[in-house]
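Here is a short report on one protein chain. Keep the sequence and the 3D view open while reading.

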Amino acid sequence: MNRQHTLPALFLILSFLTACNLEQEEQIIGVKIYEHSGPYDQLFASWNTMGINTGFCSEDLISDQAFMKEAREKGISTFVIFPVFFNPEAIAESPEIAAINQDGNPAAEEWVEFVCPSREDYRHQVVEHARQIVREHKPDGISIDFIRHFVYWEKVYPERNPATLPLSCFDSLCLSHFQAVTEISVPDSFNTVPEKADWILKNQEEAWIAWRCQLITSMVAQITVAVREEKPDILVNIHLVPWARDDFDGAIERVAGQDVGDLSKLSDYLSPMTYAHMVKQSPSWIHHIVEEVYMHSGGTVIPSVQVGKAYLDNEYSLEEFRETLEAALQPPSSGVVLWSWERLMAEPEKADLFKDIVTAL
Ligand SMILES: [Zn+2]
């Protein structure tokens, strides 16, 4: 074979190998699971039958040796769900650590309460907690949750006026941290939190958004450094608020502080919580969000979808669940994560449908 023929032949072989490799790259078919009374061998045997290859698990389950042993034996990957700034227990103990909204009140709505993201002692505790879980229980991955600023997005519907979304944190720590990092000074004539917040948002909004995105990104960086020291091959997933870049006047950065491009560089997966039914969106919206996250991050996107009703009382039918799964699995998605296993078990028809769809992939 002369050189003229060798190169195209090599190209064909390489293309073939690449295609094989892509085909072999397994999609993540996951479920979030919070509690289980066992026996675990039966649980994971049913996951094997249903095509589920990954569990996104509470710390309680990850800390259960029998759970982890059975998961390994059945070839199930385990991620620990790791909440960061949502921490009502810590706030109940020390109310002064709560994040503060632009109106001067604690960042809290119903069950959602957030800690101020500038507190070095809290951040250090979080990092060491992540390190300890990974050191002791060696999960395959960590799924970083509530890694954002306060917002009760579960009840933010399409018609919501962006100006009514809460902005935090404006406690004294964040106000001085922001001014020190950016070398911006809030004029002395402003005394109250609402006055200072108002001045910053009117005069230095861009710097403020960048600074508070960095608070979130740097928290992910600190956690990933620590867990990779304990387990170099650990996988990192990040839970995202399910908003496209321009939704609600750029709220994914402006309100939640999630810069998907920067977060993608630090992680293996990005998982938007595309609970369409809950936020009054159609199933096709899930694909739109996946495309958006992929386009702005270049990362591997695994949308999370809801199985049962939540917050709203209107029917969530089997047909809507089918459309939800189909939209979630459409490329560039790299799989799907169900919220949750408990809800799936409560609705056998949805469990059968899910099994039919994912085992046919
Ligand atoms: Zn703060």
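## Overall build

This is a predicted model. Of the contacts in the protein with a separation of 6 or more, 76% join residues 24 or more positions apart. Of the 361 residues, 41% count as buried.

The secondary structure comes to 15 helices and eleven strands. The radius of gyration is 22 Å, close to the 21 Å that the globule rule gives for 361 residues, so the protein is as compact as a globular protein of that length. Taken along the principal axes, the C-alpha atoms fill a box of roughly 80 × 60 × 45 Å.

Strand 10 runs parallel to strand 11 (residues 335–339), and three bridges join them. In this part of the sheet, Gln306 stands opposite Trp339 of strand 11.

## Strand 1, enclosed

How many of the six residues of strand 1 are buried? Six of the six, so strand 1 (residues 28–33) is largely enclosed by the rest of the structure. In a regular strand the side chains alternate between the two faces of the sheet. Here Ile28, Gly30 and Lys32 point one way, while Ile29, Val31 and Ile33 point the other way. Both sets are buried, Lys32 included.

Strand 1 has parallel neighbours on record here. It pairs with strand 11 over five bridges, and Ile29 stands opposite Val336 in that strand. Four bridges join strand 1 to strand 2 (residues 54–57), again in parallel. There the bridge partner of Gly30 is Thr54.

## Helix 2

Strand 1, helix 2 and strand 2 make a right-handed β-α-β unit. In helix 2 (residues 40–50), the buried residues are Tyr40, Leu43, Phe44 and Trp47. Seen down the axis of helix 2, they fall within an arc of 85°, so they line one face of the helix. An α-helix has 3.6 residues a turn, so residues three or four places apart point the same way.

The buried residues of helix 2 pack against helix 4 (65–73). Gln42 and Thr49 are exposed, on the face turned away from the buried side. Gly51 follows helix 2 and has a positive phi, near 85°.

## Helix 7

Which residues of helix 7 are buried? They are Cys174, His177 and Phe178. These residues cover an arc of only 100° around the axis, which puts them on the same side of helix 7. The buried residues of helix 7 pack against helix 9.

Ser176 and Ala180 are exposed, on the other side of helix 7. The helix is followed by Glu183, whose phi is positive, near 60°.

## The nonpolar core

In soluble globular proteins, nonpolar side chains tend to be buried together. The largest nonpolar core in this model has 98 residues. Ala99, Ile142, Ile144, Val336 and Leu338 touch the most other members. Helix 9 (residues 205–230) gives the most to this core, with nine residues.

What does Ala99 touch, not counting residues up to four places away in sequence? Its contacts are Ala107, Phe114, Val115, Cys116, Pro117, Phe150, Ser168, Cys169 and Asp171.

## A buried loop residue

Where is Trp153 placed? Trp153 lies in the loop between strand 6 (141–145) and helix 7 (172–182). Is Trp153 buried or exposed? Trp153 has 22 other C-beta atoms within 10 Å. The cut-off for a buried residue is 20 or more, so Trp153 counts as buried.

Trp153 and Pro242 are 89 residues apart along the chain. Their C-alpha atoms are separated by 8.4 Å.

Notes: Residues are numbered from 1 along each chain as its sequence is written. This is a predicted model: local features need pLDDT of at least 70, side-chain atom pairs count only at pLDDT 80 or more; totals for chains, interfaces and linings use all residues. Two strands pair if DSSP finds at least two bridges between them. Helices (H or I, at least four residues) and strands (E, at least two) are DSSP runs, numbered from the N terminus. A residue is buried if 20 or more other C-beta atoms lie within 10 Å of its own, exposed if 12 or fewer, and partly exposed in between; C-beta atoms are placed from the backbone. The arc is that of the directions from the helix axis to the C-beta atoms. Two residues are in contact if their C-beta atoms, placed from the backbone, lie within 7 Å. The radius of gyration is taken over C-alpha atoms; the globule rule is 2.2 Å times the number of residues to the power 0.38. A nonpolar core is a set of buried Ala, Val, Leu, Ile, Met, Phe, Trp, Tyr and Cys residues joined through C-beta atoms within 7 Å. A crossover is right-handed if, with the strands pointing away from the viewer, the path from the first strand over the helix to the second runs clockwise.
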